[in-house]
Amino acid sequence: MNATLAHAYKADSGRVLAALIAQFRDFDLAEEALQDAMIEAARTWPRGGTPSSPSAWLLAVARRRALDRLRKLARAKDEALLQNLTLMAEDPPEEEAAQEIPDERLRLIFTCCHPALAQEAQVALTLRTLCGLSAREIAHAFLVPHATMNQRLTRAKAKIRHAGIPYKVPEGPEIATRLNTVLSVIYLIFNAGYAPRTPALSAEALRLCEGLHALQPKPETAGLWALMSLHMARDPARMDADNTLISLKDQDRTLWNHPAIARARTRLLHALAQSRPGPYQIQAAISALHCEAESWEGTDWPQILALYKALYKLSPTPVVALNHAVAKAHAGAPERALEALLKLETALFGYQPFHAAKADILAQCGHAARLEYDRAIALTTAPEELVFLRRKQQELP
Amino acid sequence: MQYMAFIYAVPGSEAGYDGDIMADYGQFTQEAVAAGVFKAGDALMPTSDASSVQVRGGSTAVTDGPFAETKEVLGGYYLLECADLDEAIKWAAKIPTAKYGTIELRPLMVFER
């Protein structure tokens, strides 16, 4: 692929694909047609020059190819359908007229993240159609065989077709829950890139969130964007030279991306000012307080504890309770934190972050913590975290 | 599109329903008819009145049941005509049993002529 073409694909394939899917209501046809257009671009651009709007060119050519494919199918089937297609082909999309690509990505993201699809299918379909990742790339990122990922995508697309999952932005009372599903898919993609360090996925998640916010500004979307941006801003200080995790407490705060923190903070404040709080806005606010503190000791712990309390009210899950307890320990009340943790033991036993937190807090209280570190280490897979936990265990008195 | 809404519930669990379930079913059906969504709908007699039929090796075997005392069983259905899955979900959520049982939505298979 030449560089201009690669760039056009990266920047606009989601938008072009969304426009094609919206028109033809068929994921496979849209993908194949875009593929055809890419091949034609690779053939003609080097000789004839790059068109003034590469993505409009790709869309116009892909539309024509899609119609060609449908015509071939129709000829084998039905005369009436062929007539319809002729009418469709006479519709505007001329190359010149297609400078403005209609943005169908909003509808498409709600289709890809429809609750009638399994979450792993939502994630895969979103990366495939809105981010333009190949099935192979997605399979690699989620550590599943290529064939499995192909099958997952094929089944999801078939269900959309057979079950009549619509291409539309939801309306009415279900908007909030539907948006939450989309946001959780985006956050899942971000975390998939963040934990085993495939930064490309995290960047895709940020791009998706930014795009979603541009198309449909909502406080929670802004909250998620700010939350992810703040994570990213602290990333340069997260690892030492040996690729071992550094805890927030010991990070060199001068390495944080402070302009990015300021941007995230501005957008977050704007979202919070709309007085429609949600879990992502609150988590971003907690993260922002960490980012604003000049030191670990100088962190506004009372405010952070209050935010965790508010978060627990909105989403009363054991994991939020765990984070709340950890914040209590950091705020200088490890005994109270331990008390809270013991209540979570049944719900979270076997959950790695629970055992890692319990080990830390036991140590902080001056209790025996070695066994708890063993438990946490046994549950840890990420190498950078293994080293981190072993080091803490060795530092026990 | 046509969707079959299968109504599943644990036998007897309707006792915990908050309100007059028969009246609510009547109202739901009326509403669906008025909206042009209703194609068909019926309630079924309990599984204790069911018979299972199998043909194996040319002979017909009939047995009593099946009985599934503790699991959710099929208690009735609606056949709904809806524009898409979102509309079908909206209607399924209004079926009174959705509050304590499960509504399974299945699109009807369309055979090409």
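**Group meeting: a predicted two-chain model**

Two residues are in contact if their C-beta atoms, placed from the backbone, lie within 7 Å.

Some housekeeping. This is a predicted model, where local features need pLDDT of at least 70 and side-chain atom pairs count only at pLDDT 80 or more, while totals for chains, interfaces and linings use all residues. Residues are numbered from 1 along each chain as its sequence is written, and chains are lettered from A and ligands numbered from 1 in the order in which they are written.

Now chain A. Its secondary structure comes to 19 helices and zero strands. Helices (H or I, at least four residues) and strands (E, at least two) are DSSP runs, numbered from the N terminus. The C-alpha atoms of chain A fill a box of roughly 80 × 45 × 40 Å along the principal axes. Of its 397 residues, 37% are buried. Buried means that 20 or more other C-beta atoms lie within 10 Å of the residue's own; exposed means 12 or fewer, partly exposed is in between, and C-beta atoms are placed from the backbone.

Chain A is divided into domain 1 (3-103), domain 2 (105-204), domain 3 (217-314) and domain 4 (317-397), with bounds from an automatic or database domain assignment.

Towards the end of the chain, helix H18 (residues 370-378) and helix H19 (residues 383-394) of chain A pack at an angle of about 170°, with their axes 10 Å apart. Axes are lines fitted to C-alpha atoms, for helices over the stretch in contact, and angles run from 0 to 180 degrees between N-to-C directions. H18(A) and H19(A) are therefore roughly antiparallel; angles over 145 degrees count as that, under 35 as roughly parallel, 65 to 115 as roughly perpendicular and the rest as oblique. Among the residues making this contact are A:Tyr373 of H18(A) and A:Leu389 of H19(A).

On to chain B, which has two helices and six strands. From the N terminus on, the elements run β-α-β-β-β-β-α-β. Of its 113 residues, 16% count as buried.

Two strands pair if DSSP finds at least two bridges between them.

Strand S1 (residues 2-9) of chain B is joined to S5(B) by eight bridges, and B:Ile7 has B:Gly76 as its bridge partner in S5(B). Five bridges join S2(B) to strand S5 (residues 73-81) of chain B, where B:Asp42 stands opposite B:Tyr77. Of the six residues of strand S2 (residues 38-43) of chain B, zero are buried, so the strand lies largely in the open.
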